Amino acid sequence: MDKLVVTGGTPLNGEVVISGAKNAAVAILPATLLIDGVCTIENLPNISDVKVSCKILEAIGAKITWNSENCITIDTRNVCCTEAPLDLTRKFRASYYLIGALLGRCRSVTVGMPGGCKLGARPIDQHIKGFEALGATVTVGQGNITAKAECLNATSIYMDVVSVGATINVMLAAVLANGTTIIDNAAKEPHVVDVANFLNTMGADIRGAGTDVIKVNGVERLVGNATYCVVPDQIEAGTFMLAAVASKGDIIIKNCITKHLECITAKVLEIGANAEDLGGDRIHVWCDKRPSKANIKTLPYPGFPTDLQPQMGVVLSMADGTSIINESIWESRFQYTDELNKMGAKITAQGKTAFFEGVDHLSGAPVYSSDLRAGAALIIAGICADGVTEIYNLEHIDRGYEHIEEKFRRLGANIVRVTED
Ligand code: UD1
């Protein structure tokens, strides 16, 4: 079992380069199944969710060539299997994108019910509603989900909730459908736009991604024969911004899209820290005093992202005054607060609300990461704390952050990965 050992107390200082977006990559990889040809994907993050996605694609007949650790060429011409490996698909959340992609390509698909971080109930009713509206029959049973259609016919779908996954999944299923599908109340996250840009580069006709109405004009075929570069990871960039603030550091974050970070920048400024857009995909973040309290409500993009709530929680746990976070997306996203309390924080979580009574310092302790972003938050807490913090359950962190300890080490953090028997 691996653990991270963090000796805290050093403010972060220096430059960090952001990787490709996990949540875009895990959708773009299944999206390649809609292509009848070859394509190259650059800026893929080197994370375990990408590796599992590639294994699944290979298991159903795709041929993948690794050009470097961040670039693959994928040939999907021989994909014929419609049953994705059930054990692998149950391992992570984004395997649900295989449903939209294989339904679009083969009109038939079975996958294991998607796993992923345990953040509370994670229904997929809006995905199913979209597939059924396009003409598919969907059955759920024995831990699997199967979708079949004679043909897919375009329609208008109004999403009852703003869902990243359902928006992308229905977009995938609609790319090769007959006619124009309209997705209303669509999610606007940068990775929704990135998947649409990828599909359009490969020959699809999708308009309006990034607004709440997306129109997918069905095409006969995606020919591929193109190269696509995955968008920088908004959440990884935000994680480093908040790490700079929490540690009272001074860092420049490179290869990020500052527009995607506006809601984080606004909160950073509100609590008395500094953020400056340097142009050229760089942002400078620094903090020279104790942050002040703030209230946060997580919301779909362009609101404050739920995936940065735990990292912000670390900042507020050491802020001057009592802050309130309202988590409006996931019902169990405060598990990390128990771990921060072991480090001396004073946080009371009640349902979807948590109260952060700011303390002036945290102290190192053994802590357990309950999910991906909680793991990132615990690393930040360890960097700020007095003494040594040991972080366990690294498999969550490795799913979504590329070379995380190397990146923090280059910023001056004292962090090592240790393998224990
Ligand atoms: C994606 C992200 C995840 C992020 C989340 C919200 C990926 C791989 N994961 O997850 O990191 O935390 O967006 O930004 O991109 N909902 C329904 N019915 C559905 C689908 C969703 O009620 O069919 C609800 C969910 O319970 C949740 C909200 O809608 O309350 C948002 O979920 P959604 O955007 O779908 O999250 P994911 O796509 O699973």
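Here are some friendly questions and answers on how the labels for this predicted model are reached.

The model is predicted, so local features need pLDDT of at least 70 and side-chain atom pairs count only at pLDDT 80 or more, while totals for chains, interfaces and linings use all residues. Residues are numbered from 1 along each chain as its sequence is written, and side-chain values use heavy atoms, with hydrogens and water left out.

Q: Why is Cys287 called buried?
A: Buried means under 20% relative accessible area, exposed over 50%, and partly exposed in between (1.4 Å probe, protein chains only). Cys287 has 4% relative accessibility, so Cys287 counts as buried. By contrast, Cys80 has a relative accessible area of 62%, so Cys80 is exposed.

Q: How do you know that Cys287 is in no disulfide?
A: A disulfide needs a pair of cysteine sulfur atoms within 2.5 Å. The nearest cysteine sulfur to Cys287, that of Cys384, is 9.8 Å away. A search of the whole structure finds zero disulfides.

Q: What makes Asp2 and Arg417 a salt bridge?
A: The rule asks for a side-chain nitrogen of Lys or Arg within 4 Å of a carboxyl oxygen of Asp or Glu. Asp2 and Arg417 have an N to O distance of 3.7 Å, and they meet in a salt bridge. Asp2 lies in strand β1 and Arg417 in strand β23, so the pair ties together parts that are 415 residues apart in sequence. (Strands are DSSP runs of E, at least two residues; helices are runs of H or I, at least four; both are numbered from the N terminus.) Asp2 and Arg417 also belong to a network of salt bridges with Asp398 and Glu405.

Q: How do you know that the largest pocket lies between domain 1 and domain 2?
A: Domain 1 (2–19 + 232–419) and domain 2 (22–229) both give residues to the lining, so the pocket lies between them. The domain bounds come from an automatic or database domain assignment. A pocket is an open set of points on a 1 Å grid over the protein atoms alone, where a 1.4 Å probe fits, with protein on both sides within 12 Å along at least five of seven lines; lining residues have an atom within 4 Å of a point. The largest pocket is lined by 43 residues, and Arg122, Val164, Gly165, Ile329 and Trp330 lie nearest its centre.
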